[in-house]
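Here is a short report on one protein chain. Please keep the sequence and the 3D view at hand.

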Amino acid sequence: MTDDEATTRRGRGGMSEQRRRRVRLEISREAARLFWAQGVDSTSGDQIAEAVGLSTRTIWRHFRSKESCAEPIIAQSVEWELATLRSWPLHRSLEEHFATEAKRLVGEIGTQEQADAGLGVKMMRLADTEPALRTAWLMACDQVEHELAGVIATRLGLEHDDLQVRLHAAAASAALRVLNEYVGAGLLDGTDPRKLGDENFAFIADAVRTATGNAVGDPVHAAEVPAEPGKGAAERMSF
């Protein structure tokens, strides 16, 4: 299936998958704003529907409960980290890669993306006291762990399900979760961002190195990566 075919593929009610994701995100934004402004308990499905400009019935076609409406905005809060980890070239250190991507982020992030990031931080804070939101946040963190396992396996030349890989991925993703919660809480409390971490996000790389006992973070050279069957090590390098 081509990208165009995937984009126009019809889902429930004849809605394209791309349109469905966009509607779910719009609902999630308004739900998150209401949850933060008046609390989860005080927010109803009718209020979310009114804020988005949709019927309540449409809200329930997209989400199983009012709390689950926050899931897309929470998942999006880790998307930059996920994209950065996926694109980490073997020949770069994690510090170098995060510095490069941080500069790209500053130059490319738009107003809506900044607003979404702020809502994600607020949902992290509410997750401290709202079990359903905590579940959504931990689901997003589980996705980070899964992606990290693939990245770590490639860099160490091991299988995705190798115990060492899984332990490193679990430790590193837990460190990233704690960092996200710490930085998010600091920003909401008005702490100077410069006191929470450097602009190149080297503190994230430091956390990954610490969590994995420095097993992950350095550049990997072609000769250090075991070749896959029928494929030379140089072919596995990402540039």
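## Overall fold

Helices here are DSSP runs of H or I with at least four residues, and strands are runs of E with at least two. On that basis the protein chain has 12 helices and 0 strands. Read along the sequence, the pattern is α-α-α-α-α-α-α-α-α-α-α-α. The model is predicted.

The protein chain has 239 residues, and 39% of them are buried.

## Annotated region

UniProt lists residues 44–63 as "DNA-binding region", in an unreviewed entry. In the model, this span is 75% helix and 0% strand. Its end C-alpha atoms lie 13 Å apart.

## Largest pocket

The largest pocket has a volume of about 1200 Å³. It is lined by 34 residues. Closest to its centre are Trp80, Leu105, Ile109, Ala117 and Phe201. Two or more lining residues come from each of α5 (71–76), α6 (79–86), α7 (94–108), α8 (111–126), α10, α11 (193–196) and α12.

Which helix gives the largest share of this lining? The answer is α8, with 7 residues. By class, the lining of the largest pocket holds 18 nonpolar, 8 polar and 8 charged residues.

## Second largest pocket

The most come from α2, with 4 residues.

## The cavity

The structure holds 1 cavity of 30 Å³ or more. The volume of the largest cavity is about 30 Å³. Its lining residues are Val78, Glu81, Trp137, Cys141, Val144, Ser173, Leu176, Arg177 and Asn180. By class they divide into 5 nonpolar, 2 polar and 2 charged. At least two come from α9 (131–156), and at least two from α10 (163–188). The largest share, 4 residues, is from α10.

Asn180 is one of the lining residues. Asn180 sits in helix α10. Is Asn180 buried or exposed? Asn180 is buried because its relative accessible area is 17%, and the cut-off for buried is under 20%. Leaving out residues up to four places away in sequence, Asn180 touches Glu81, Met124 and Trp137. Glu81 and Trp137 also line the largest cavity.

## Cysteines

How many disulfides does the model have? The count is 0. For a pair to count, the cysteine sulfur atoms must lie within 2.5 Å.

Cys69 is buried, because its relative accessibility is 0%. Cys141 is buried too, with a relative accessible area of 10%. Cys141 is also among the residues that line the largest cavity.

## A positive phi

Asn214 is a residue other than glycine with a positive phi, near 65 degrees. Asn214 lies in the segment after α12 (202–211). Why does Asn214 count as exposed? Asn214 counts as exposed because its relative accessibility is 52%, and the cut-off for exposed is over 50%.

Notes. Residues are numbered from 1 along each chain as its sequence is written. This is a predicted model: local features need pLDDT of at least 70, side-chain atom pairs count only at pLDDT 80 or more; totals for chains, interfaces and linings use all residues. Side-chain values use heavy atoms; hydrogens and water are left out. Buried means under 20% relative accessible area, exposed over 50%, partly exposed in between (1.4 Å probe, protein chains only). On a 1 Å grid over the protein atoms alone, a cavity is a set of points where a 1.4 Å probe fits but cannot get out, and a pocket is an open set with protein on both sides within 12 Å along at least five of seven lines; lining residues have an atom within 4 Å of a point. Grid points are joined across faces, edges and corners, and a volume is the space filled by probe spheres set on the points. Ala, Val, Leu, Ile, Met, Phe, Trp, Tyr, Cys and Pro count as nonpolar, Asp, Glu, Lys and Arg as charged, and the others, Gly among them, as polar. UniProt positions are given in the numbering used here, feature names are shortened, and annotations may be inferred rather than shown by experiment. Contact means heavy atoms within 4.5 Å.
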